[in-house]
Amino acid sequence: MTFITENDTHPLLQPLYIGGLEIQNRLMVAPMAGVTDNPFRRLCKSFGAGHAVSEMMTADATLYAHKKSLFRANFEGEIAPISAQIAGADVDKIAEAAQYQVNNGAQIIDINMGCPAKKVCRKLAGSALLKDEELVARLLDATVAAVDAPVTLKTRLGYENGQENILRVAKRAEEAGIAAIAIHGRTREDKYGGKARYDLIREVKEMVSIPVIANGDIDSPEKAIEVYEQTGCDAIMIGRAAQGQPWLFRDIAHYLQTGKKLPEPTIDELREIVLTHLEELYAFYGEYSGCRISRKHIAWYTSGIEDSNAFRQAMYSEETTAGQYKVVDKFLSSQKLREGA
């Protein structure tokens, strides 16, 4: 395994440059619909993530003014460079969406060709695009031409197992002027089942000169090093494993620096993290949406804690932010008392 020496820094902790923009380190937060909103991106960066990509925004201009889209396009208070993900299958619309996000403050545009969700793939967007390499090429060309900002690509190994076309897609992306490519080590057919595969990510890395970011199943410091060494990637990207444990980036950085693992957060530390995150969510979304969007985060944070199932059922019934905050505080404080008993 690769750790730093006394006078060296692990490659994953060194800056990465995308289109001339400096990313502080190479530990990245994957874009996740309904998860990687402004508060969550800032939280992960506070724990040492070098970069975070926004949840995807549709390329349909008629939806820009919708409340959900306005939240997704809010980059206030974020650490630069700001990266906004867009999704769509119409060449003109995706170019317009890229221009909209740059005008809105985004410094990097990320194209989604990785989402396996049915509602996205039904519109031939996300990973469904991988079935049509000609359309992929036109979307890449149009987006790069539309903005004076680096454009990155988030994609998968292919649409179907046995028909993986990531090598052709990656090469075409580089030719189009894509500044970096993030690859989830699964096909669309896999969705999130089975295990991520990294062999093709290594082949892409050996073939192209742009930064290659490895994604899929990275859930621990040891796994981060394993994927880095298996793929030779320029950066790693963490998605689902950061849900309920945004401190994972801090843990990985510490492990890369020292070869030692940090202990899990104490209940006191967890309580402070959760309550601070809730306050940020309430301030960002307001009373109604803040209460409801917080529920999934609370469930992730409390998974595995004694009596958490009963707690979550009670928490779901709370209809106000004040009530929700109170029951979370009470539950986590009771765990503290149990620890000291």
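This is a predicted model: local features need pLDDT of at least 70, side-chain atom pairs count only at pLDDT 80 or more; totals for chains, interfaces and linings use all residues.

**The sheet, its cavity and a pocket**

Q: Which strands does β7 pair with?
A: β6 (residues 83-87) runs parallel to β7 and is joined to it by four bridges. β8 (residues 151-156) is also parallel to β7, with five bridges. Two strands pair here if DSSP finds at least two bridges between them.

Q: Which residues face each other there?
A: S83 is opposite I108 in β7. On the β8 side, D110 has T152 as its bridge partner.

Q: What kind of unit do β6, α3 and β7 make?
A: A right-handed β-α-β unit, with α3 covering residues 91-103. Right-handed means that, with the strands pointing away from the viewer, the path from the first strand over the helix to the second runs clockwise.

Q: And what is the strand order of the open sheet?
A: The open sheet has nine strands, in the order β4-β3-β11-β10-β9-β8-β7-β6-β5, with parallel pairing. β4 (51-52) and β5 (57-58) stand at the edges, each with a single partner strand, so one side of each has no neighbour in the sheet.

Q: What joins β4 to β3?
A: Two bridges, with β3 (residues 27-29) and β4 running parallel. V29 has A52 as its bridge partner in β4.

Q: Changing topic: how many cavities of 30 Å³ or more are there?
A: One. On a 1 Å grid over the protein atoms alone, a cavity is a set of points where a 1.4 Å probe fits but cannot get out; a pocket is an open set with protein on both sides within 12 Å along at least five of seven lines, and lining residues have an atom within 4 Å of a point.

Q: How much space is in the largest cavity, and what lines it?
A: The largest cavity holds about 100 Å³. It has 16 lining residues, and those closest to its centre are V53, D110, T152, I213 and M237. The elements giving two or more residues to that lining are β7, β8 and β9 (180-184). Volumes are the space filled by probe spheres set on the grid points, which are joined across faces, edges and corners.

Q: How does that lining divide by class?
A: The largest cavity is lined by 11 nonpolar, three polar and two charged residues. Ala, Val, Leu, Ile, Met, Phe, Trp, Tyr, Cys and Pro count as nonpolar, Asp, Glu, Lys and Arg as charged, and the others, Gly among them, as polar.

Q: What about the second largest pocket, what is its volume?
A: About 250 Å³. Of its 13 lining residues, W247, E264, L270, Y301 and I305 are closest to the centre. α10 (267-285) and α11 each supply at least two lining residues.

Q: How are W247 and Y301 arranged as an aromatic pair?
A: They are stacked, 6.4 Å centre to centre with 25° between the planes. Rings of Phe, Tyr and Trp (its six-membered ring) pair if their centres lie within 6.5 Å; planes under 30 degrees apart count as stacked, over 60 as edge-to-face and the rest as tilted. W247 is in the loop between β11 (235-238) and α9 (248-258), and Y301 is in helix α11, 54 residues apart.

Definitions and conventions: Residues are numbered from 1 along each chain as its sequence is written. Side-chain values use heavy atoms; hydrogens and water are left out.
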